[in-house]
Structures are given as C-alpha cells and as structure tokens.
Amino acid sequence: MVNCSIEELTVIEASRYINDGETVFAGTGLPLMATMLAQKTHAPHLCFVAETGPIAPVVLPTPLSVSDPRLQFKAVRLGSLREVLGCMLQHGMMDVGFVGGAEIDEFGNINTTVIGDYERPKVRFPGSGGGNDILSHAKRILLITRHEKQRFPKRCNYITSPGYINGPDERARVGLTSKKPQIIVVTRLGVMEINPATGRFQIRKLMPGSSVEAILEATGFRPDLAEKIEEVEAPTDFELTTLREKVDPQGLYSKKV
Amino acid sequence: MTRNDNKVMTAREAVEKFVFDGATLGLGGQNVGRCAMAAVHEIVRQGKKDLTIYGCNLSINMDILVGAGLVKRCEAGTGNLEYFGTTFCFRRAIEQGVMEMEDYSHLGMISRFLAGEMGLPFMPTKSMLGSDMLNYQAKSTAKKYEIVRDPWNPDDDILLLPALRPDVALIHAQRADATGNVVIDGFLALDVELARASKHTIVICEELVPEDRIRNDAERTSIPYLYVSAVVEQPFGAHPAGAYRYYDYDADHVKHYQKCAREGGKALEDYLKRYILDSENFDDYLEKVGGIKKMIALMKSMRRMV
C-alpha cells in the first residue's frame, strides 16, 4: 500500500460493497465519492440516482450538494423527489442506500435530528431528509462515518432513520417492507455489519493498523465479533489513482473520514 | 382567473398581493438549486411575519426568513446547506425555542403534497415507521399522523400523513409565459407537486417567453397556467443558488452568508441590512454580490456542464 492514506482506503473499502449493475442512492460527500469510485473501477454499470431527480448521470467532479449541476450531467432523466423517493426507493427498486456521518447506535439506528429534548434541543441537526426513506426501504444500507465514541452511542438520542430498531424482528413488527436489510458501516478503524439474527453490529474487518481493542475503545457500545475477522484488503493502484484523479481530484472529501 | 390573464408583475407586487402575515409558504427548489430568492428577499423587505414554512430540503431560502425573525414554524424534512454546513439561523431558532419544527422524512413531505395536489385528505406511506418522528411532535401540532391496518393485507401497518395545501408556493423556474405556463430545466425536486397543491403559486423566472414557444413544445411544460397566480421575470433570481442550464450556484456568496449566519447577532443583521433591506430590489442586490462580472462567471461555469 504505497502512500495510501487511511482516509482514502476507507472510501476505497466502502466502494467495494457496491456490485456492478446495482441501483444506488447516495448522498453527497463520502457516500457519493465511494459510489463514483465503484462506477469507475469494478461497477461500470451501476445506476446512481440523486434525490432531487437525476437518474444515471455521468457525475462531474466534485458535487457539493444533491442540487449540484455536476450531478445532472448527461443523466438519462432529470426527474423529481417523488420519482426517486417514491417510485424507486419506496417501490423497492433501490439495491443500495448509502449515507454519511451521523449518530449510529448498536442496532444501526441513525440520529440526524436532535441531541436533548425534541422541543428545546441541546443541539439541533438538519433532520431526516431522505435518510429515513433510505433506511426504511433500501435492500442494502452502507454507512461511512468518522469513528468516534460519541458518534457510536449505545442508543441514539432520537431515531431519525431505523436500523434494526431494538431487535432482529422489530422492523417487521412496525410494518417496514424491507424487514432484514444488510447494514454495513465502514470507518477508518474497520467494517462492522449488523447480524440479522441479533439485530446488532458485529466487527467484520479491521483496517491496517487497527485492532478489535481500538474499535471497542472508539465505540460507545460493545459490538459482537464475527466468526472470522478479516483484514481490509490493500488498495490496488487502479483504485487509488482513480480516486485521486477522477473522483475527488481536489481532495475535498477524502480528508473528512 | 381567465385563460388569458396577464400575470406578469414585480416581485414586490406579487408578495404584496399573495403573501400575508401568518401565511403558510411552500418553498420549491432544493439546497443550492432553483431557490426563489427574489421572492424571499421581497418578503423580508415587506416584513411579512408569523410565517409557516413547508418544504422538503429547506436551505438559504428558509434560513434568511428565519434569521429575519419572520418564521414561527417549519414542517419539513431538513434544514441544511450540505457541504456548506447546517442552516445556522434555523438551528439557533429551534435550540432557543423561538421557532417550532415538525419533522417528516422527505418522502413524507412529498406524500403530503401529493395528497394536496390530488384533492385527497391524506396519503399512505411506508416511510417513517419505527422512527422517533412518530414519537415526538411540536406542541401546536394537532395530529401528525395515523397508523392503520392495510385493508387489503390485514397483517400489515401503514402510515397516513395529512395533506398539505400551502397558501402560497414560491417557485423559481427558467422560463414562463405571461399567463403562467412554466418550464423548469434540470431536476424538478418537489416543485410540480408543490405548485399544484398550493392555493397560489408565485413563479420567479429567468426569462419571460412568448406563449407560442410554450405551445410549440407543450411536453416541456412543467406547470400549466391553471396553478399559477403571479409571474415575475428576474434574471439570476435564484442567486446564490443556481439555475440549471443558466448559471451555477455562487459558492463564495453561500460561504459568506454562512459565516454571517453562523456568527448571528450583528453579523447577521448587517447581512440582512446590506444585501436585502437596503436594496431597492433584486437587481440592486445582484450589483452588491459582484454584478455583471460575477454573473457572467457563474454562467460560464454552468456552460461547461450542459
């Protein structure tokens, strides 16, 4: 691994969970970077969809917003929120939903709304956006975030977007259509995945230089351990040069992990 | 409203005529794309107050109205400017308890506009189930949602959300004719559903075009005149947001606004005074943010992408 920063490897590792031909709904920032990297490496036929309506655009570097014209370039259609969130996501057509930094708890629930009281919060965050819709309906959910204790509490202060809520069967009980989605979080320390049998995260892979202890130290809950914990594979030259030259040439996002 | 009404007026006239204290406003566009900023500025100049804002992603369009102290409540999916940070006036107003926020997901809000535009009282959705959006609500909300059994699949629950019919929708579009036929270029976000759900729609357009141009290419009409009450021609009227095919968003000015909004207090007051309250109209504001040189640069930046 020549000169690859851990931030870059995190984006590269996240891109590996997207398969060729899949439909992918990704937010801007690191999720979009990883999606574009997948498209320009092993998944040339993935269909990227942006919330505001663009379907299968050829994304130009580097979009700063889902409303960015760089996300509309050569799309096959420039549609609407209703088409993307309703007619694709809720309809059950989205293979992958990919979102970024947030408070994530042991059941994969996400808080992007408040810390403290709902009406008089200590900190007010932006809110759900399409995040709740992604976690409600996508078949596979990818998360990428900074690995800090306060970002991985045992329980979210407020569940904006449902993971496994509080147990393996809870999504089915509350009426969600996608009952046992795959939920994977990639950080600079490793990869954790929800075990559908327990509804809780387990450690699946370690980044170079990381350890189970390092993850436990930086996590507010105690994730289980997968039967076999693997090392994240080193980046190929192709992955690394594509990321640097074609996906994030200005390095706007790759530093933010 | 008859078929051939000429609805062309200034932003000042449109806001005077259709926006009132206590009105519910629906904001079109998304984030830094197609925000109806010319209408927002005029509302600030006229000091229309006690407003309720509806939308999916609310950004600088909402944040300026909140910063000016004109908003008592929002019902929306998000307040943020993505890469440029959170919407600081929005955040502060909620944390200080001076503004109510009622949270829905983006699809939740779209479903509510969908009910509104089709004359239905509510719309079912499978989003938001199992989330705390169903466990917490703002004090003045009477009934946020209902969960029912699916009549055709009695083992399954489904969420019903109430229709929204805003008093006024504020839409920014690339082109419109004098009677209010509207053409939007690029993504549509929520604008079509929003306009059809609202009692009145104010359209700010980059270019006023002859009716024939609409009639010769009617598949491209995003919103027909029936839903539109006022048409305002204001080139660069979405600034600092962008308008697809016309001009890119102005990242420098968004950053400048964010700096003032984050600091709050005098920095925010100075921003509102300099750029909005002390401006005669939106053209005046455009001069202050860089004038023709800046606008040409934003146009050129867009031309490289379309």
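B:Leu81 is buried, because 24 other C-beta atoms lie within 10 Å, and 20 or more is the threshold for that class. This residue belongs to a predicted model. B:Leu81 sits in the loop between β5 (78-79) and α4 (88-95) of chain B. Beyond its neighbours within four places in sequence, B:Leu81 contacts B:Asn31, B:Ser59, B:Ile60, B:Thr87, B:Val254 and B:Gln258. B:Asp63 is 18 residues away from B:Leu81 in sequence. The C-alpha atoms of B:Leu81 and B:Asp63 are 9.8 Å apart.

The confidence scores come next. Chain B has a mean pLDDT of 97. In chain B, 99% of residues reach 70 or more. The model scores 0.97 for ipTM and 0.97 for pTM.

Strand pairing was examined in chain B. Strand β2 (residues 51-54) of chain B pairs with strand β4 (residues 71-76) of chain B. The sense is parallel, and the pairing runs over 4 bridges. B:Leu51 stands opposite B:Val71 in β4(B). β4(B) also pairs with strand β6 (residues 100-103) of chain B. That pairing is parallel too, over 4 bridges. Here B:Arg73 has B:Glu100, in β6(B), as its bridge partner.

B:Ile53 has a set of contacts beyond four places in sequence. Its partners are B:Leu25, B:Leu27, B:Leu58, B:Met62, B:Leu65, B:Val71, B:Cys74 and B:Ala76. B:Ile53 is also among the residues with the most contacts inside the largest nonpolar core. The others named with B:Ile53 are B:Ala39, B:Leu65, B:Ile202 and B:Val203. This core has 170 residues. Its largest share, 7 residues, comes from α2(A). The core also draws at least three residues from each of domain 1 (1-99 + 233-257) and domain 2 (102-223) of chain A.

Helix α2 (residues 30-40) of chain A is mostly covered. Of its 11 residues, 10 are buried. They are A:Leu30, A:Pro31, A:Leu32, A:Met33, A:Ala34, A:Thr35, A:Met36, A:Leu37, A:Ala38 and A:Gln39. Several elements of chain A take part in covering these residues. Among them are the helices α1 (6-15) and α7 (237-247). The strands β1 (23-26), β2 (47-49), β5 (96-99) and β10 (140-144) of chain A are also included.

Chain A is divided into two parts, domain 1 (1-99 + 233-257) and domain 2 (102-223). The C-alpha centres of domain 1 and domain 2 of chain A lie 20 Å apart. Their contact takes 24 residues from domain 1 of chain A and 22 residues from domain 2 of chain A. On the domain 1 side, α1, α2, α3 and β5 of chain A each supply at least two residues. The largest share of that side, 6 residues, comes from α1(A). By class, the domain 1 side has 16 nonpolar, 4 polar and 4 charged residues.

The contact between the two chains was examined in turn. It involves 48 residues of chain A and 51 residues of chain B. On the chain A side, α3 (81-90), β9 (121-124), α4 (131-137) and α5 (170-174) each supply at least two residues. α3(A) gives the largest share of this side, 5 residues. By class, the side of chain A that touches chain B has 18 nonpolar, 21 polar and 9 charged residues.

β9(A) also takes part in a strand pairing. Strand β8 (residues 114-116) of chain A and β9(A) run antiparallel, joined by 3 bridges. A:Gly116 stands opposite A:Pro121 in β9(A). A hairpin connects β8(A) to β9(A) through 4 residues.

One further residue of chain A was examined. A:Ile215 lies in helix α6 (residues 212-217) of chain A. A:Ile215 is buried, because 23 other C-beta atoms lie within 10 Å. Leaving aside neighbours within four places in sequence, A:Ile215 is in contact with A:Leu189, A:Gly190, A:Ile203 and A:Ser210. A:Ala234 is 19 residues away from A:Ile215 in sequence. In space, A:Ile215 and A:Ala234 are 19 Å apart, C-alpha to C-alpha.

Terms used: Residues numbered from 1 in each chain as written. Chains lettered and ligands numbered in written order. Predicted model: local features only at pLDDT ≥ 70, side-chain atom pairs only at ≥ 80, totals over all residues. Buried ≥ 20, exposed ≤ 12 C-beta atoms within 10 Å, placed from the backbone. Contact = placed C-beta atoms within 7 Å. Nonpolar A, V, L, I, M, F, W, Y, C, P; charged D, E, K, R; others polar. Pairing = 2+ DSSP bridges. Domains from an automatic or database assignment. pLDDT = per-residue confidence, 0-100. Core = buried A, V, L, I, M, F, W, Y, C linked by C-beta atoms within 7 Å.
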